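Welcome! Here is a short briefing to read alongside the structure. Take a look at it first, and then follow the points below.

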Amino acid sequence: MLSPNGDNGSFKIHQDMWLHRYLLQNEELNITLNSARNYWLQVVNGKLNLHEHELGKADGVALNDEILLKIKCEKKSRIFAI
């Protein structure tokens, strides 16, 4: 959705950050991360499992020193990753 260089049709912003939106339903998503960066994952609605921890509507989690996110979703969910 947002990026410092307008990648893949995103809106260009003058910050060193990316905002991604994911709409998931009955699927598994693996996201590769840069372990030198910090991330925030926000559940807008739905339910999912992140590394075997259940997250629901309005839950958020700070991530650092991670190289891979493993997200499993059985219910329709919308999440933001920053």
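Four strands form an open sheet in the order 3-10-5-8, with antiparallel pairing. This is a predicted model, in which local features need pLDDT of at least 70 and side-chain atom pairs count only at pLDDT 80 or more, while totals for chains, interfaces and linings use all residues. Residues are numbered from 1 along each chain as its sequence is written, and side-chain values use heavy atoms, leaving out hydrogens and water.

**The sheet**
- Strands are DSSP runs (E, at least two residues), numbered from the N terminus, and two of them pair if DSSP finds at least two bridges between them.
- Strand 3 (20-24) and strand 8 (60-64) are at the edges with a single partner strand each, so one side of each has no neighbour in the sheet.
- Strand 5 (residues 38-45) runs antiparallel to strand 8, and five bridges join the two.
- Opposite Tyr39 you will find Leu63 in strand 8.

**Around Pro4**
- Pro4 sits in the loop between strand 1 (2-3) and strand 2 (11-12).
- Not counting residues up to four places away in sequence, Pro4 touches Lys12, Ile13, Gln15, Met17 and Trp18, where contact means heavy atoms within 4.5 Å.
- Pro4 and Trp18 are 14 residues apart along the chain, and their C-alpha atoms are separated by 7.1 Å.

**Around Leu29**
- Leu29 belongs to strand 4 (residues 27-32) and is buried, at 18% relative accessibility.
- Beyond residues up to four places away in sequence, Leu29 touches Tyr22, Leu24, Leu69, Lys70 and Ile71.

Technical notes. Buried < 20%, exposed > 50% of the residue type's maximum accessible area, 1.4 Å probe, protein only.
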